[in-house]
Amino acid sequence: MNKRIDLHMHSLFSDGELLPSELARRALKLNHEVIAITDHVDWSNVETIPAIQDAIDDINANWDITVVLGAEVTHAPCESIDGIAKRAKQLGAKIVVVHGETLNEPVTPGTNRAAVESKHVDILGHPGLITKEEAEIALENDIYLEISARKGHCLGNGHVANIAREVGNNLLVDTDTHAPSDLITFEKSYEIALGAGLSHDEAMKALVDNPRQLLKSKGIL
């Protein structure tokens with residue numbers, strides 16, 4: 001049975017509902033192998049990223065799940081994205097997500113471009129109507145594109161899948177979990193990938209191969 005890897009989740013240290021330990025426990029019960037806690041940051045709170053490291057270390061030492069410290073640069077000015085992402089990495093974030101130009105929030109135009117041009121960014125979350133040029137830059141800089149399970153953010157999934165197929169981008173299927181009900185099984189994430197228009201092989205690559213590849217590049221797994 002395949003285990004789930006989800007690299008975009010939030011705890012109550014930003015706008016999520018759960019402590020890191022409860023988030024990890026619920027994920028473990030749903031057969032997750034790895035989760036990344038990527039709480040929202042801008043320059044106002046980026047220095048708080050290490051606050052959950054002790055909890056993560058405790059979870060990793062005692063339970064059969066790997067929790068990764070991350071961050072999501074969210075609604076920051078385009079000019080600030082690279083600097084915030086760099087600082088997040090300096091503070092210990094292994095996975096840096098940028099809150100992309102989703103169709104259901106007023107994200108600043110140019111955010112996708114600023115994200116994919118940064119060498120400190122790993123994932124462009126829910127990138128909405130990403131352009132082919134932006135996808136090509138993401139591919140060049142080894143930045144993964146996200147198929148989102150989250151309500152509203154999922155509206156661009158079909159477009160993202162089509163662009164990624166044309167360009168050759170690596171895709172991930174993440175939940176952007178904020179509440180217990182947002183967590184999903186591997187089987188549900190597979191259905192979401194198919195719903196975005198991915199083939200079976202493309203879906204399995206996005207669910208299994210790509211997240212493992214990203215984690216291995218960070219010295220995880």
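Let's start at a loop: Ser 11 sits between strand S1 and helix H1, where helices (H or I, at least four residues) and strands (E, at least two) are DSSP runs numbered from the N terminus. With a relative accessibility of 0%, Ser 11 counts as buried; buried means under 20% relative accessible area, exposed over 50%, and partly exposed in between (1.4 Å probe, protein chains only). This is a predicted model, in which local features need pLDDT of at least 70 and side-chain atom pairs count only at pLDDT 80 or more, while totals for chains, interfaces and linings use all residues. Residues are numbered from 1 along each chain as its sequence is written, and side-chain values use heavy atoms, with hydrogens and water left out.

**The whole chain**

- The protein chain has eight helices and eight strands.
- A compact globule of 221 residues would have a radius of gyration near 17 Å, and the 16 Å of this protein chain agrees with that. The radius is taken over C-alpha atoms, and the globule rule is 2.2 Å times the number of residues to the power 0.38.
- The C-alpha trace spans about 45 × 40 × 30 Å along its principal axes.
- Buried residues make up 53% of the 221 in the protein chain.
- Of the contacts with a separation of 6 or more, 72% come from residues 24 or more positions apart; contact means heavy atoms within 4.5 Å.
- The protein chain exposes about 9400 Å², and carbon and sulfur atoms supply 49% of it. Accessible areas come from the Shrake-Rupley method with a 1.4 Å probe, and for residues, only the protein chains shown count as cover.

**Strand S2 and its neighbours**

- Five of the six residues of S2 (residues 32-37) are buried, so this strand is largely enclosed by the rest of the structure.
- S1 (residues 4-9) pairs with S2 in the parallel sense over four bridges; two strands pair if DSSP finds at least two bridges between them.
- Within that pairing, Asp 6 stands opposite Ile 35 in S2.
- From S1 the chain crosses through helix H1 (residues 20-29) to S2, a right-handed β-α-β crossover. Right-handed means that, with the strands pointing away from the viewer, the path from the first strand over the helix to the second runs clockwise.
- S2 also runs parallel to strand S4 (residues 66-73), joined by four bridges. Val 34 has Thr 66 in S4 as its bridge partner, and Ile 35 stands opposite Val 67 in S4.

**Strand S4 and its neighbours**

- S4 is mostly covered, with seven of its eight residues buried.
- Two bridges join S4 to strand S3 (residues 40-41), and these strands run parallel. Here Val 41 stands opposite Val 73 in S4.
- The path from S3 to S4 goes through helix H2 (residues 53-62), and this β-α-β crossover is right-handed.
- S4 is joined to strand S5 (residues 95-99) by four bridges in a parallel arrangement, with Val 73 opposite Val 98 in S5.
- A right-handed β-α-β unit is made by S4, helix H3 (residues 81-90) and S5.

**Helix H6**

- The buried residues of H6 (residues 157-167) are Asn 157, Val 160, Ala 161, Ile 163, Ala 164 and Val 167.
- Seen down the axis of H6, these buried residues fall within an arc of 170°, so they line one face of the helix. The arc is that of the directions from the helix axis to the C-beta atoms.
- Their cover includes helix H5 (132-140), strand S7 (144-148), strand S8 (171-174) and helix H7 (186-195).

- Ser 11 touches Gly 16, Leu 18, Pro 20, Ile 37 and Asp 39, not counting residues up to four places away in sequence.
- Ser 189 is in helix H7, and its relative accessible area of 0% makes it buried.
- Leaving out residues up to four places away in sequence, Ser 189 touches Arg 4, Val 173, Ile 184 and Leu 207.

**Backbone angles to look at**

- Most residues other than glycine have a negative phi.
- His 75 is not a glycine, yet has a positive phi of about 55°. His 75 lies in the loop between S4 and H3 and is partly exposed, with a relative accessible area of 39%.
- Leu 221 also has a positive phi, near 75°. Leu 221 lies in the segment after helix H8 (200-217) and, at 45% relative accessibility, counts as partly exposed.
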